[in-house]
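Biologist: Please go through the aromatic contacts in this model with me.

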Amino acid sequence: MKRRLFSSALLATSAWLSQSSAWAQALFKPGKDYLPLERPVATEAGNGKIELIEFFWYSCPHCNAFEPTFAQWIKTAPKDVVVRRVPVAFREDFVPQQRLFFALEAMNLLESLHAKVFAAIHVEKQPLNTETVIADWVAKQGVDKAKFLETYKSFGVASKLKRAVQLQNDYKVEGVPSFGIAGRFYTDGSIAGSMERAIKVAESLIAQSRTRT
């Protein structure tokens, strides 16, 4: 979903492609298929690891459509790729869902509830856009409501919100879903032509980054 226009290309499944750096550079062009960052962004990946960030928004229909594809892609990603999801906040009303994601992450509930959040919003048509509605929904999933709210309002979650906004700005995110690759590149469905192609661009940039580590 574009940051300004709130529209994006259609999504499709893609398989992992192992590409050489030379092939990647020949097939995908900076400024056309991806955007090199003017300033590298510090990553949380360890030595010898390559970080891939998916920027998303729970209420974005394109992020919802992309989630099964991306979840499957993660299962086949090489061991040297560290995948992170970062919720965006293009407006103030995005923040409750940012807090929801980071609270679930802090409580180790993402694996069981991340996909269910998408389903609640896009299939069950629950907005999940305020603290009260979110807390009630989480409680219905069998989570202690008081503990969730404590985490939701915690300093740790607030710190992650600030970091998420900083990453969003550093990568100059213009739409979701989108990718930040190796702290040096950005692409999304609009730039690459589709999210299927964006995955391939990300794969090639990972291969290119691997030769430099």
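This is a predicted model: local features need pLDDT of at least 70, side-chain atom pairs count only at pLDDT 80 or more; totals for chains, interfaces and linings use all residues.

Modeller: Residues are numbered from 1 along each chain as its sequence is written, and side-chain values use heavy atoms, with hydrogens and water left out.

Biologist: How many aromatic pairs does the structure hold?

Modeller: Rings of Phe, Tyr and Trp (its six-membered ring) pair if their centres lie within 6.5 Å; planes under 30 degrees apart count as stacked, over 60 as edge-to-face and the rest as tilted. The number of aromatic pairs in the structure is 15.

Biologist: Which kind of pair do Tyr-34 and Phe-185 form?

Modeller: Their ring centres are 5.5 Å apart, with 90° between the planes. Planes over 60 degrees apart count as edge-to-face, so the pair of Tyr-34 and Phe-185 is edge-to-face.

Biologist: Is Tyr-34 buried or exposed?

Modeller: Buried means under 20% relative accessible area, exposed over 50%, and partly exposed in between (1.4 Å probe, protein chains only). Tyr-34 has a relative accessible area of 5%, so this residue is buried.

Biologist: What is the relative accessible area of Phe-118?

Modeller: Phe-118 forms a tilted aromatic pair with Phe-56, 6.1 Å centre to centre and 50° between the planes. Phe-56 is buried at 1%. Phe-118 is buried too, with a relative accessible area of 3%.

Biologist: Which ring does the charged end of Arg-99 sit over?

Modeller: A charge sits over a ring if NZ of Lys or CZ of Arg is within 6 Å of the ring centre and within 35 degrees of the ring normal. For Arg-99 the distance to the centre is 5.9 Å, and the ring is that of Tyr-152.
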